[in-house]
Amino acid sequence: MSTHAAMPARGRSGPRARAHGHSALSWAIPVTLGAVYGLYASFILRNNGATGFRQFWYGLITAVVLAVLCFGLGRIQHRMLPLVRAAAYGALTAAAIGLLVGLTDSSVLRSSALGLAVGLGMFITTFYIFYTHERTYPVSDSGRREPRAVSDSGRREPRAVSDRKA
């Protein structure tokens, strides 16, 4: 028996067929980073003579805070300009490293300098990656991002009005 042509298909189809949930990696990476960071912060406190109760809670709180910040940055990173996104990754890394160095009873100047140095390295690395590995499109007058045509000389030129889709 054949079905009617207007019969809805099972499941979703079309442009909105993909579910809007979070992928496994979008939460697994921040949770893993947070857990490792919290364990390491707890380990540093243990070596400095902290009690088990204080060590456990400090490690748990730092793990949760870093995981939430990483997850949040991962959710909004595609809406940021590459420069701002690189600065956000650099600032998050600098703060995280500065806190870990500060837990070792180092001076504030040393923890700030090491955090700044590592954060600057992360900023430069992510800035390079974002600008060399992402395809960017200029924004047209209508507010839509459109690819530009490449001329024979290799320079990019805006597409003609007749080439645009309606």
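Tyr131 and Pro82 are 49 residues apart in sequence, yet their C-alpha atoms are 6.8 Å apart in space.

Before going on, a word on what we are looking at. This is a predicted model, so local features need pLDDT of at least 70 and side-chain atom pairs count only at pLDDT 80 or more, while totals for chains, interfaces and linings use all residues. Residues are numbered from 1 along each chain as its sequence is written, and side-chain values use heavy atoms, with hydrogens and water left out.

Now the overall picture. The chain has four helices and two strands, and from the N terminus on they run α-α-α-α-β-β. Helices (H or I, at least four residues) and strands (E, at least two) are DSSP runs, numbered from the N terminus. Of the 166 residues in the chain, 23% are buried; buried means under 20% relative accessible area, exposed means over 50%, and partly exposed is in between, with a 1.4 Å probe and protein chains only. Among contacts with a separation of 6 or more, 52% join residues 24 or more positions apart.

Back to Tyr131, which sits in helix H4. How far apart are the rings of Phe127 and Tyr131? We need the pairing rule: rings of Phe, Tyr and Trp (its six-membered ring) pair if their centres lie within 6.5 Å, and planes under 30 degrees apart count as stacked, over 60 as edge-to-face and the rest as tilted. By this rule there are six aromatic pairs. The rings of Phe127 and Tyr131 have their centres 4.7 Å apart and their planes at 55 degrees, so this pair is tilted. Phe127 and Tyr131 are four residues apart in helix H4 (residues 108-133), so about one helical turn separates them. Phe127 is partly exposed at 30% relative accessible area, and Tyr131 is partly exposed too, at 48%.

Next, please find helix H2 (residues 52-76), where Phe56 lies. Phe53, Phe56 and Trp57 form one aromatic cluster. Phe53, Phe56 and Trp57 also belong to a nonpolar surface patch that includes Leu60 and Ile61, with about 900 Å² of accessible area for the whole patch. Such patches take residues with over 30% relative accessible area and no salt bridge; like charges are joined within 9 Å, and nonpolar side chains (Val, Leu, Ile, Met, Phe, Trp, Tyr) within 5 Å. A salt bridge is a side-chain nitrogen of Lys or Arg within 4 Å of a carboxyl oxygen of Asp or Glu. The areas come from the Shrake-Rupley method with a 1.4 Å probe, and for residues only the protein chains shown count as cover.

Two arginines to finish. Where does Arg85 lie relative to Phe130? Arg85 is over the face of Phe130, 4.3 Å from the ring centre; the rule asks for NZ of Lys or CZ of Arg within 6 Å of the ring centre and within 35 degrees of the ring normal. Arg46 is in helix H1 (residues 24-47) and touches Gly52 and Gln55, not counting residues up to four places away in sequence. The C-alpha atoms of Arg46 and Phe56 are 9.4 Å apart.

Conventions:
Contact = heavy atoms within 4.5 Å.
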